[in-house]
Amino acid sequence: MERIYFDHAATTPVDARVLQKMLPYFSDNFGNPNSQHWFGRRSVTAVDEARDLIASLIGAKPGEIYFTSGGTESDNWAIRGAAHAQAAKGKHLIVSAVEHPAMITTAKELEKEGFEVSFAPVDEYGRVDVQKLKALLRSDTTFVGVMTANNEVGTVQPIAEISALCKERGILFFTDAVQAAGALKIDVKDPAVDLLSFSAHKFYGPKGVGVLYIRSGLKMGKIITGGHQERTMRGGTTNVPAIVGMAEAFRLAQEERERNAAYVSSLRDRFISRVLREIPYVKLNGHPQERLPANANFSFRYIEGESLLFSLDLAGIAVSSGSACSSGSLEPSHALLAMGLPEGLAHGSVRFSFGKDNTPAQIDYAVDKLKEIVLKLRALSPLFPKELKNEVFEKEN
Ligand SMILES: *Cc1c(COP(=O)(O)O)cnc(C)c1O
C-alpha cells in the first residue's frame, strides 16, 4: 500500500541536501565548539556560519540568534524570560487564545507564579481581533505574544498591526513563527518584533533544534542554566549537526519559498475545492484567504475526527485530528473552540497539511478515499440524523 503523508504541520522529513550537510558533523567533525583545540575550532566555524546565515535571512544580527532545542523551548524562553526580566515593571501578559500549547501552558504556569494573563480572543476564522487585543492592554502589560500563523487551521495573524500597537506603548512583542518560517518571508524588522521563535523540523530540517531571536539590548531571563554556551544565555553542549542542518534547511526554504508555496497551495486548493464540492456537511476551518499554503482543516459534521483519522490511516493516508500535540486526549482543540466552533464540529475536525513532495495524484486518491470513509462512518454514526440524505456528490468534471 502506498503511504501518503499529509501531516507536514506536525513535522517534515529531512531534505536530502540538508542531511548531506549534517553528516560530517556526526563523525569527522565531532568537536565540541567549547573546546580550545583544532577539533573544537572546526565546530565553532560551522556554528558561526550557521548563525550568520540565519541572521542574514531574517534581517537580524548574528548576536541576536540563540540556538535552542526547538519551538517549545524557544516559546517557553520567550514568555518566561521576558516576564521574569520585566516583573518589576508589571506582571500582566497577553497571549492569543489560539497559541500553541508551548505558549498557553507556559502562560498558565506563570499565572501560578503570580503573573496575570489575558487571552486575546479571535474571530470565527481564528484571526486575533486587534481592537479587542488593544482593549486588553494595560499600564502594567509587559509582554504580548501572537503567533505569525496558526498550526491547526493555518490562519495568518495580523502581526504588523499588533507589533505597531506594542511599539507605541513600549510593550515587548513576541511572535511564534514556527509554522510560518518555511512558508512566509520572515523579517524581524518588518514587522518589528522583540522576540521570535522557529523550529527546524517544520521546514525539512532535523528535529530538536530551533531558534529564539532576542533583539539586542533586550533584558531577558534564562530558563536553562549551565555553561557559557550561547553567550551564557543557554547552557548545554551545542548541537552542531542539528544547527548546521537547520541553517541549510532554512536557506533552502527561503530560497525555494515562492516555488514551493505556489506548488503546495495549488495542491491544497485542489483538495479544498473537491472536498467542498463532493462531500456534504463539511466546513472549512480557518481564514478563507489569509492562510498558510499547506493547510486545509475541515470539520466533518456527524463524525468524530479521531475515527476519521484512524480510517484514513488504515487507507494509508496520514493526517492529524485537532492538534498533534493534544491528540490522544479527547478534549477538543482549544484553538477551534476559541474560534467559536461548536463542540460537535470541533470534535469532527481533521487537519490535512501538504508538502513539497506530495502530488496531484495523491490529492485525488485521498479525496476519493475520504468520500468513501465519510459515507461509511456517517452510515454507522448515531449522530447522523435519519432525515438527512447520506450521499456523495459526484465530481462535476
Ligand atoms: C510545532 C510547533 C511548536 C513546537 O515546536 P517543537 O520544535 O516541535 O517543539 C510551537 N509552535 C508552533 C506554532 C508549532 O507549530
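Tyr-204 is placed in the loop between strand 7 and strand 8 (210-214), where helices (H or I, at least four residues) and strands (E, at least two) are DSSP runs numbered from the N terminus. Its phi is near 65°, a positive value in a residue other than glycine. The model is a predicted one, in which local features need pLDDT of at least 70, side-chain atom pairs count only at pLDDT 80 or more, and totals for chains, interfaces and linings use all residues. Residues are numbered from 1 along each chain as its sequence is written, and side-chain values use heavy atoms, with hydrogens and water left out.

The peptide bond that joins Asp-190 to Pro-191 is cis, with omega near -5°. Most residues other than glycine have a negative phi, and most peptide bonds are trans.

A backbone N or O atom of Gly-71 lies 2.8 Å from a ligand oxygen atom. For the side chain of Thr-72, the distance from an N or O atom to an oxygen atom of the ligand is 2.6 Å, and for the side chain of Lys-202 the corresponding distance is 2.7 Å. Taken alone, the ligand exposes 380 Å², and the protein buries 88% of that, with accessible areas from the Shrake-Rupley method and a 1.4 Å probe.

Helix 3 also packs against helix 4 (residues 101-112), at an angle of about 30° and with the axes 9 Å apart. Axes are lines fitted to C-alpha atoms, for helices over the stretch in contact, and angles run from 0 to 180 degrees between N-to-C directions. Helix 3 and helix 4 are therefore roughly parallel to each other, a term for angles under 35 degrees. Helix 8 (residues 257-278) and helix 12 (residues 360-380) pack at about 25°, with their axes 10 Å apart, and are therefore also roughly parallel.

Definitions and conventions: Polar contact = N/O pair within 3.5 Å; in protein donor to acceptor, adjacent residues only side chain to side chain. Parallel < 35°, antiparallel > 145°, perpendicular 65-115°, else oblique.
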